[in-house]
Amino acid sequence: KTLTGYRAQAETLGKVFATMRLGDVTQAHVYTYLKKRGNVAGNRERDLLRAVYTFAANIGYKGDNPAKGMLVRNTEKPRQRYVTDEEMAALVLSAQPRFGLLIRFLYLTGMRISDAIALPLTAAGDDGIRWEEGKTQKPRWVEWSDELRTVWKAAAGNRIGAQALFLGRLGPYTRDGAEATGARVRKRAGVANVTFHDMRRKAGSDLPLERSNELLAH
């Protein structure tokens with residue numbers, strides 16, 4: 001997902017900066033770009049431009065990084081979308097059974113979608129589910145609850161080994177495939193503006209703070 005975002009940001013940056021020499025770009029240029037963009041996308045693009053110059057320095061560029069040290073950013077508001085119990089029920093009921101299990105699993109574990117669709121059957125142990133976070137490479141563990149066991153058994157069926165827990169119609173879900181299926185489910189359910197990460201947010205929001213921090217590793 002990060003790489004997909006970088007490619008889109010690079011294309012937008014390229015329309016302005018691609019014909020300029022590294023040493024000709026000034027902080028004033030970057031500031032003007034940021035202000036004219038005026039949105040969160042502009043912040044992300046500025047961050048990528050800074051990373052480009054950092055990479056250039058690592059391979060020998062001796063000039064300044066015009067995107068470094070800027071204290072100005074376009075205003076960003078933290079996402080506050082909360083998925084209600086009714087909305088979650090509508091999503092599960094509007095999904096094919098396999099995908100409905102995935103939605104419930106995300107809520108019960110607070111797991112990121114990329115980790116959930118990559119989770120092998122071997123992640124299940126006597127005391128819970130163990131995995132390594134793709135984002136942080138940190139080991140994680142979540143304890144079994146009755147509902148989580150039920151979801152796991154339904155998703156796994158009689159399969160054993162290192163296969164992925166969640167299988168779509170054509171095999172393990174890809175990130176793009178899961179996103180596309182999720183969009184269709186949201187449309188059928190009439191639930192707008194919901195992301196997979198919102199299920200993680202709901203998982204944390206529905207628990208006491210200490211338990212929430214533990215589940216989400218915050």
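On a 1 Å grid laid over the protein atoms alone, a pocket is an open set of points where a 1.4 Å probe fits, with protein on both sides within 12 Å along at least five of seven lines, and its lining residues have an atom within 4 Å of a point. The structure is a predicted model, in which local features need pLDDT of at least 70 and side-chain atom pairs count only at pLDDT 80 or more, while totals for chains, interfaces and linings use all residues. Residues are numbered from 1 along each chain as its sequence is written, and side-chain values use heavy atoms, with hydrogens and water left out.

The largest pocket is lined by 14 residues, of which Lys1, Arg112, Ser114, Arg175 and His197 lie nearest its centre. Its volume, taken as the space filled by probe spheres set on grid points joined across faces, edges and corners, is about 470 Å³. Helices H6, H8 and H9 each supply at least two residues of this lining, and H9 gives the most, with three; helices (H or I, at least four residues) and strands (E, at least two) are DSSP runs numbered from the N terminus. The second largest pocket, of about 360 Å³, has a lining of 15 residues, and nearest its centre lie Gly168, Arg169, Tyr173, Thr181 and Arg184. Two or more residues of that lining come from each of H5, strand S4 (171–172) and H8, with H8 giving the most, five residues.

Helix H5 (residues 97–109) has 13 residues and should span 18 Å at 1.5 Å a residue, which agrees with the 18 Å between its end C-alpha atoms, because the expected span is 1.5 Å times one less than the number of residues. Among the residues of H5 that are buried are Phe99, Leu102, Phe105 and Thr109, where buried means under 20% relative accessible area (1.4 Å probe, protein chains only). Just after H5, glycine 110 takes a positive phi of about 70°.

A nonpolar core is a set of buried Ala, Val, Leu, Ile, Met, Phe, Trp, Tyr and Cys residues joined through side-chain atoms within 4.5 Å. The largest such core has 40 residues, and those with the most contacts inside it are Leu102, Phe105, Leu119, Ile129, Trp152 and Leu165. Its largest share, seven residues, comes from H5. Leaving aside neighbours within four places in sequence, leucine 165 is in contact (heavy atoms within 4.5 Å) with residues including Phe105, Leu119, Trp152 and Arg159.

Key:
Buried < 20%, exposed > 50% of the residue type's maximum accessible area, 1.4 Å probe, protein only.
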